[in-house]
Amino acid sequence: MVSKPFFPLKTNPTMISIAKFSENIIKDLLLREKNFEHMYGCPSCGYKGMFHRHGHYDRNVVTLNQHFVISIQRFLCPCCGKTYSLLPSFLIPYFIYTFDVIIFCLYSIFALQKKANYVCSILHGCNKQCFMTIQSIIFFKKRFLSKIHVVNTFFAAMDCFHYDSDLSSFSKNEAAAILLSRIVPFKQHP
Ligand SMILES: [Zn+2]
């Protein structure tokens, strides 16, 4: 059973870290069970060693085509007792939809100039367990526009993501279209 899309909650005191940026979400999901992940270094107290494992929780994940329930590992800093959870990079904290679903929405809106209701119907057609709403897509759109310079800086800092990162001469909508046109075909090689 997939819960309805939800927006960021501020009730979880656990800090969230994002694992290495992955190019293949499904492969990553399938391999997760076999991989033992570790976390080192506490940003809170400065402890440099390895964290202790501290249980896990299940999380719904909706990709473009499927629904998964995955286990998210929690860690504990043995020095200060702060807890952390390690999210795979294809998940965005507090969102049920994977990175590629949200990028699909943004690319369709900004680069292909599609309407939110059209994008919504495409997603429902690809995945019967996708309950994306028009309101969610409008939220993604506003959030992306408000954070476009942060996103631009993030990708410009990656050595393998070659492009001219100066978007200052474009309108926000044009800059969004340019940036998304580079993110969509981007593959980071290990
Ligand atoms: Zn600590």
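Predicted model: local features only at pLDDT ≥ 70, side-chain atom pairs only at ≥ 80, totals over all residues.
Residues are numbered from 1 along each chain as its sequence is written. The pLDDT, the predictor's confidence in each residue on a scale from 0 to 100, averages 80 over the chain, and 75% of the residues score at least 70. Take some care with residues 1–12, where the pLDDT is below 50; beyond near neighbours in sequence, that stretch has 18 contacts in the model (a contact means C-beta atoms, placed from the backbone, within 7 Å).

Now look at helix 3, residues 116–126 (helices are DSSP runs of H or I with at least four residues, strands are E runs of at least two, and both are numbered from the N terminus). Ala116, Val119, Cys120 and Leu123 are buried here; buried means 20 or more other C-beta atoms within 10 Å of a residue's own, exposed means 12 or fewer, and partly exposed lies in between. Viewed down the axis, the buried residues of helix 3 fall within an arc of 100°, so they line one face (the arc is taken over directions from the helix axis to the C-beta atoms). An α-helix has 3.6 residues a turn, so residues three or four places apart point the same way. The buried residues of helix 3 pack against helix 2 (99–111) and helix 4 (134–146), while Asn117 and Gly125 are exposed on the other side.

Finally, find Ser44 in the loop between helix 1 (25–32) and strand 2 (52–62). Ser44 is exposed, with 12 other C-beta atoms within 10 Å. Leaving aside neighbours within four places in sequence, Ser44 is in contact with Cys77, Cys80 and Lys82. The C-alpha atoms of Ser44 and Gly81 are separated by 9.9 Å, and these two residues are 37 residues apart along the chain.

Terms used
Contact = placed C-beta atoms within 7 Å.
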